[in-house]
Amino acid sequence: MKKTLLVALLCLLVLMPVMAMGGSESKSSGAAVAEATPTLNADGTFHLPIVDKPTTFTIFLNFNNMPFDPNWRVWQELTKLTNISFSSVISQSNSNESEAFNLMLSSGNLADVIGYVSTSDLEKLGRDGGLIALNDLIDQYAPNIKKMMDEDPKFKQYATSTDGNIYFIPKNQQLKAAEYWWIRKDWLDKLGLEIPTTVDELYTVLTAFRNEDPNGNGIKDEIPVFDRAGWKMPDEYLYLWDTSLEFYVRDGVVEYEPMEENFKVGVKNMIKWYKEGLIDPEIFTRGPKGRDTLLAANLGGMTHDWVSASDYNGKLNSEIPDFEFVVMAPPADQNGVVKERTERFPGVGWGISSTCKDPVSVIKFFDFLFTEEGSALMNWGIEGESYYIDENGDKQFYDEILSGDQTVTGYLRSIGAIYRVGMNQDGGYEIASMNEYGKAASDLYESHPEWYLEDVPPYADGKLDMKYFPEDETRYQRIMSSITPYVEEKFQSWILGTSDFEADYDKFIQELKNRGIEEAIEINQRAFDYYIESGK
Ligand code: CA
């Protein structure tokens with residue numbers, strides 16, 4: 001293993017001089033032909049084809065164990081338009097992306113275009129000279145990407161490494177809402193209750209769900225709060241009291257929430273809710289099938305989840321005739337503030353390796369996916385095959401696509417759309433694929449931008465996803481690998497009642513300090529300050 005790493009390092013060292021000369025140097029190599037054609041036509045439209053002669057680049061991409069496949073319908077269409085095609089360096093049978101990635105690095109044979117699941121690994125490859133900095137190429141040849149970076153600071157922040165270079169073009173997300181609060185409207189109606197708007201009203205409603213037999217079977221078997229992602233449950237339900245087990249930013253200051261006042265309020269309430277049977281007794285262990293099981297058995301009352309939670313409407317009505325699972329606004333916390341912490345952020349995309357002979361043509365191809373035409377292909381598939389334009393000029397999926405055996409997203413992925421590349425994931429296609437309950441959820445949350453915080457780094461599944469300076473990163477990981485499991489274990493013991501929260505608390509805080517929490521907060525503050533700076 002050590003030997004292969006050494007070989008990889010040597011290969012990267014050989015590549016370094018190319019890198020040191022910066023992105024613009026690449027123009028002198030195979031780029032002369034590409035430069036002859038402008039990115040845009042005189043009228044401002046995108047110039048197609050990108051290259052005069054059919055050109056193939058190698059590519060490394062394996063999204064969700066779907067290795068890149070040049071035969072996908074969308075990519076054949078892209079090739080027809082641009083004259084550019086890609087050949088996968090990963091075999092179609094590959095099912096281990098990280099193994100394939102490490103193998104490619106140790107072989108020293110980098111594909112021309114590289115996408116990978118981990119932002120920090122891609123940026124490390126960039127810092128080591130394996131990916132070129134795209135900053136100058138974007139300025140010169142990618143007006144559509146440049147426009148998005150100028151208009152959307154989050155897109156730019158996500159793309160920018162801590163050394164100021166852009167090593168990959170991210171996949172942007174147009175919709176803001178990620179998860180929503182969902183509640184059983186049929187149960188509320190049966191008990192004569194309204195949708196709760198505050199955490200106190202929520203407590204009253206959940207207590208009624210627990211005690212007043214809304215499923216009508218004469219047994220006290222209702223499970224008011226459930227979640228299919230038990231591992232992140234602590235954070236999601238602590239949000240009701242504006243706290244979590246994680247770092248959070250308030251007014252530009254990073255704090256570790258277990259050390260703050262709201263945490264005591266949140267944990268005490270969750271202990272009480274759990275003790276009173278308002279929270280699933282198996283919440284920590286129930287697993288991803290929990291949502292299916294508890295809703296189908298007419299036992300579950302409320303959860304926090306993605307739009308797929310709306311799919312049970314219609315599906316369960318033959319068994320549970322009145323079943324209605326509807327969206328509600330985030331309940332106001334103990335201070336009367338309505339906030340939704342989960343939010344979408346740009347995700348990782350693709351970059352250009354330092355061995356690519358014609359980076360100019362590749363960046364133009366990257367740019368094409370951000371044009372209206374390229375974006376429609378990547379989000380909706382092929383006009384006349386998967387979608388049509390209606391009388392109002394809006395795109396609509398054909399009924400066969402909407403009611404097919406696959407989900408719409410499943411179908412789109414099978415033709416190479418919505419792949420993990422630099423693109424703008426269009427909210428329009430997502431909404432067009434939702435049922436009326438999903439659309440209601442999306443409408444409600446998208447129309448309340450004030451529920452979401454500005455200037456928050458990617459905050460996925462309760463964790464801040466920050467970019468650290470290389471010298472901070474190792475140190476931070478070491479500290480948190482000792483703190484995170486400790487905090488999770490303590491939290492579980494308080495909720496389950498195997499240890500006493502109030503008796504433990506001061507000792508708990510001391511232990512966090514012993515394990516280096518104050519240094520971890522400082523590192524996060526540095527990373528946050530850089531994050532804000534990089535969006536300017
Ligand atoms: Ca019951």
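## Second largest cavity

The second largest cavity has a volume of about 90 Å³, the space filled by probe spheres set on grid points joined across faces, edges and corners. This is a predicted model, in which local features need pLDDT of at least 70, side-chain atom pairs count only at pLDDT 80 or more, and totals for chains, interfaces and linings use all residues. Residues are numbered from 1 along each chain as its sequence is written, and side-chain values use heavy atoms, with hydrogens and water left out.

A cavity is a set of points, on a 1 Å grid over the protein atoms alone, where a 1.4 Å probe fits but cannot get out; lining residues have an atom within 4 Å of a point. Here the lining includes Q157, Y158, D465, K467 and Y530. Helices α8 (153-159) and α23 (517-534) each supply at least two lining residues, and α23 gives the largest share, four residues. Helices are DSSP runs (H or I, at least four residues) numbered from the N terminus. By class, six lining residues are nonpolar, three polar and two charged.

## Largest cavity

Five cavities of 30 Å³ or more are present in the structure, and the largest has a volume of about 110 Å³. Among its lining residues are W181, Y239, D242, K339, E340 and R341. Seven residues of this lining are nonpolar, none is polar and five are charged.

## Helix α15

Helix α15 (residues 359-368) is largely enclosed by the rest of the structure, because ten of its ten residues are buried (under 20% relative accessible area, 1.4 Å probe, protein chains only). The buried residues include K364 and D367, together with F365, F366 and F368.

Conventions:
Buried means under 20% relative accessible area, exposed over 50%, partly exposed in between (1.4 Å probe, protein chains only). On a 1 Å grid over the protein atoms alone, a cavity is a set of points where a 1.4 Å probe fits but cannot get out, and a pocket is an open set with protein on both sides within 12 Å along at least five of seven lines; lining residues have an atom within 4 Å of a point. Ala, Val, Leu, Ile, Met, Phe, Trp, Tyr, Cys and Pro count as nonpolar, Asp, Glu, Lys and Arg as charged, and the others, Gly among them, as polar.
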